[in-house]
Each structure stands twice: as structure tokens, then as C-alpha cells.
Amino acid sequence: MTSSRFFKIALVLGLLSAIGPFAIDMYLPALPEIGSSLHAGIGPVQMSLTAFFISLGVGQLLYGPVSDMVGRKPPLYFGLGLFALASIGCALATSIEMLIALRFVQGLGAAAGMAIPRAVVRDLHTGNDAARLMSLLMLVFSVSPILAPLAGSAVIAFTGWRGVFWSVTLAAVIGLATIAMVLKETRPAEERVESSLGSALAAYGVLLRDTHYLGLVFIGAFAMAGFFTYLANSSFVMIDHYGLSPVMYSVAFGVNAAAFFAAAQLNGPLCERFGIERVVKTGVAACGAVMLAMFAYFAGGGDRLAVLIVLYFIASGLMGLVIPTTSVLALEKHGAIAGTASALLGTLQMLTGAVVMAVVGLFTDGRPLPMVAGMAGGALIAVALTWLTLDGRRQPVGQVG
């Protein structure tokens, strides 16, 4: 594949992957306003986020096997169409219960854009090339957490929170046009012959018995759980507790997100030099240490916004070394069922994030400590899983030399 084609694929897949998260990040600055507008407390408002994450995870279980059976493009069309319709419903919601229900449907649509691009990467590449393409995809994907909160703040200032959902409807329409005009089918008909509902169920059985695959999936899942906890709580902590404006909150959020995606671009050269597994182990250990230091500071009575932002900036960068590479390693040996393997990966990671968010939500009081405790807990579980899964006794996949 030529360099131009390589970057073109990364651009398309990154934009498709970003549509669902865009619907999360863009409305984060509006969470307090949504609660006020719909007369709902912090818990119900956060439930609209949790519902999206749950359906975003569960929906991938369907799209992955279907994409193995019928190709990658048809499920993308269906998913983005469903996402667009649900987004219109969210814009017209008159109660928090209605918004939660429509956010669940919206997540089911967005799941197509999360599961299928990873399968397309595996269709095209393995090893270090796959890590490089996945990292480039993440770079494009970074438009969501960096720009979406700022865009959301601007939209909210002029149109209120409902304008956010009209904006993501437009994003879905653009995604549909991109699929039609640019993306080629990467799952040829001859490779779908043996794919069926029965083979999909059998594939899930194989994956659920593969402890190495599951270990890698949950390393990424618990690393991501810290980010999900930050998503659900940071607007209340920074806007209500520390007094930031929605715009300044968006800037702080974008800076931390930028660290993740900037660090992800180092995966290609680092994996070429040291091997993918070594990059994962080092990134997880360092992230766990930083998160533990953050928890110790706030548990000891500290309460400075600068400490939260700086330490999470470092931890977020380290997660950029872990999450793309664990996905590549998990899919490495499952090319024949890449869609199904990608779907299960996404489902388990999203559901893990939703569970951690819900548990942290039980202790949420608007202050930083519950949020930081959840973030640190996820990072330390990832450290333990890395030690159990990647013990260094076999040759790392993608090792050069």
C-alpha cells in the first residue's frame, strides 16, 4: 500500500471512529445545563452517558459478526443511519428519561463506527504496520476529544444543548457520504463464504477461551476505564468545584486528550525498535505509577486543579502507548474472524468502562477524590493484568531483529 493510500485509509477510518465519541465529547460541557433544563440531578444526567456507553459496547457484538458475513460497508450504512435518527430524537427530547432512552439507541448506531474500522485495519495489515495504521487512525480520531468540547461550548452558547445533537446528526450524514464515495470493501465475497451466525457463535466461544486475547482486551479496558471515569465526572469537578467556564473546561479537556493522541504517534517507531509487548508493559507500568501518585495527593487532602491537569496529562500520554497496541496484539492471531474479535474487544472494553463509571458514580460528590480513585483503580488493575498476560516468556508479536 502506498503512503498516500495508507494515510487516506487512516483518515477515513479515524473519522468514522470519531463520530460516536464526538457525540460524547461535544456534549460534556452541556451536562450541567442539561440537568437544569430537564430538571434532573447529577446521577440521571450521568446515566445518559452511561446508557450510551452500554449500547456502544453491546451493539458491537452484532456489527462484528455481521461485517464478517456481509462485508464491512453495509453495517456501517445501517449504524450511521440509526445514529442520525436517534440524534434527531435527542435534540427533541422533553425529559431526562426520553434522553436516556434515545442515547441508548444512538449508541447502538455508533457501535458500527467503533467495531468495524478496527476490523478493516486487520483486513489490511498485521504487526508493526497494523500498529502504525492504528496509531494514525487514533491521530485522526483525536479531532473528537480535542475539538469536540470546544465546538460543543460554541454550539451551546448560540443554540443551547439541543444544538449539539443537531451537529452530530450532520456529522453522521457526512460519514455516510464518506463511506459511499471513499471507502472500499476490505472483506471480499470469497472470504465471507464460511461466515454465518453459527460460525460467529463458535468464534465467540474461541475468543472467550483465549486467555491471552482476553488479557490484552482487559488491559486496554481498564486503561480506558480511567478515561471513561474522567469523561463522566470531569465537567462537574472542573466547572462546579473549581469554577472553570465551559470554554476553559473544554480547553483543559482538549489538552489532556492531545497528550493521548500525540503519544500514540510514537507507537510505530517504538514498536519497531523494542517490540509491541515491551511498549505495552512499559506504558502500563508508568501510567499506573502516575495514577497512584495522583490518588495519594488527593487522598492526602490536596485539592489543586493544576496537579490534576498535569498528572492526568502525563497519564493520558502513557495510555496512548497502551490502548492502540493492545488492540493490535489482541487481533493479531484472529484475522479470519477479525470483525468478531474486534466486536468482542470493543464490547468488553465499553462495558468495563460503563461498570467502572457506575461504581464511581455511587460515590460522586462533585469533588475530585472519587473520580481520581476510579481512575487510579483502573490503572492499577491494568498493571496486574499486564503482569499476568505478558510475562515475557515468548517472542513478542511484531518484534524486529
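Q: Contact means heavy atoms within 4.5 Å; with that settled, which helices do the buried residues of α16 pack against?
A: This is a predicted model, and in it the buried residues of α16 pack against α10, α13, α14 (305-331) and α15 (338-361).

Q: Which residues of α16 are the buried ones?
A: They are Pro368, Pro370, Met371, Val372, Gly374, Met375, Ala376, Gly378, Ala379, Ala382, Thr386 and Thr389. The helix itself covers residues 368-389, which is 22 residues, and it reaches 32 Å from its first C-alpha to its last, close to the 32 Å expected at 1.5 Å a residue.

Q: OK, on to helix pairs. How are two packed helices described?
A: Two packed helices are described by the angle between their axes and the distance between the axes.

Q: At what angle do α3 and α10 cross, then?
A: Helix α3 (residues 42-70) and helix α10 (residues 211-241) cross at roughly 150°, and their axes come within 11 Å. Angles over 145 degrees count as roughly antiparallel, and that makes α3 roughly antiparallel to α10.

Q: Which residues make that contact?
A: From α3 they are Ile42, Val45, Gln46, Leu49 and Phe53, and from α10 they are Phe228, Leu231, Ala232, Asn233 and Phe236. Sorted by type, the residues of the contact of α3 with α10 are eight nonpolar, two polar and no charged.

Q: Is the crossing of α3 and α10 left-handed or right-handed?
A: Where α3 passes α10, the crossing is right-handed.

Q: What about α12 and α13, at what angle do they pack?
A: Helix α12 (residues 267-274) and helix α13 (residues 276-299) pack at an angle of about 115°, with their axes 7 Å apart. The two helices are therefore roughly perpendicular to each other.

Q: Who's touching whom there?
A: On the α12 side the contact is made by Asn267, Leu270, Cys271 and Phe274, and on the α13 side by Ile276, Arg278 and Val279. The residues of this contact of α12 with α13 divide into five nonpolar, one polar and one charged.

Q: Is Tyr27 buried or exposed?
A: Tyr27 has a relative accessible area of 1%, and because under 20% means buried, Tyr27 counts as buried.

Q: What does Tyr27 touch?
A: Leaving aside residues up to four places away in sequence, Tyr27 touches Ile34, Val45, Ser48, Leu49, Arg103, Val164 and Phe165. The C-alpha atoms of Tyr27 and Arg162 are 9.2 Å apart, although the two residues are 135 residues apart in sequence.

Q: What is the phi of His39?
A: His39 has a positive phi of about 55° although it is not a glycine. For background, most residues other than glycine have a negative phi.

Q: And is His39 buried or exposed?
A: His39 lies in the loop between α2 and α3, and at 75% relative accessibility it counts as exposed.

Q: Last one: where does Gly254 lie?
A: Gly254 lies in helix α11, and at 6% relative accessibility it counts as buried. The C-alpha atoms of Gly254 and Pro149 are separated by 7.3 Å, while the two residues are 105 residues apart along the chain. As for α11 itself (residues 246-264), the helix has 19 residues and reaches 27 Å from its first C-alpha to its last, close to the 27 Å expected at 1.5 Å a residue.

Methods. Residues are numbered from 1 along each chain as its sequence is written. This is a predicted model: local features need pLDDT of at least 70, side-chain atom pairs count only at pLDDT 80 or more; totals for chains, interfaces and linings use all residues. Side-chain values use heavy atoms; hydrogens and water are left out. Helices (H or I, at least four residues) and strands (E, at least two) are DSSP runs, numbered from the N terminus. The expected span of a helix is 1.5 Å times one less than its number of residues. Buried means under 20% relative accessible area, exposed over 50%, partly exposed in between (1.4 Å probe, protein chains only). Axes are lines fitted to C-alpha atoms, for helices over the stretch in contact, and angles run from 0 to 180 degrees between N-to-C directions. Angles under 35 degrees count as roughly parallel, over 145 as roughly antiparallel, 65 to 115 as roughly perpendicular and the rest as oblique. Contact means heavy atoms within 4.5 Å. Ala, Val, Leu, Ile, Met, Phe, Trp, Tyr, Cys and Pro count as nonpolar, Asp, Glu, Lys and Arg as charged, and the others, Gly among them, as polar. A crossing is left-handed if the near helix is turned anticlockwise from the far one by less than a right angle, and right-handed if clockwise.
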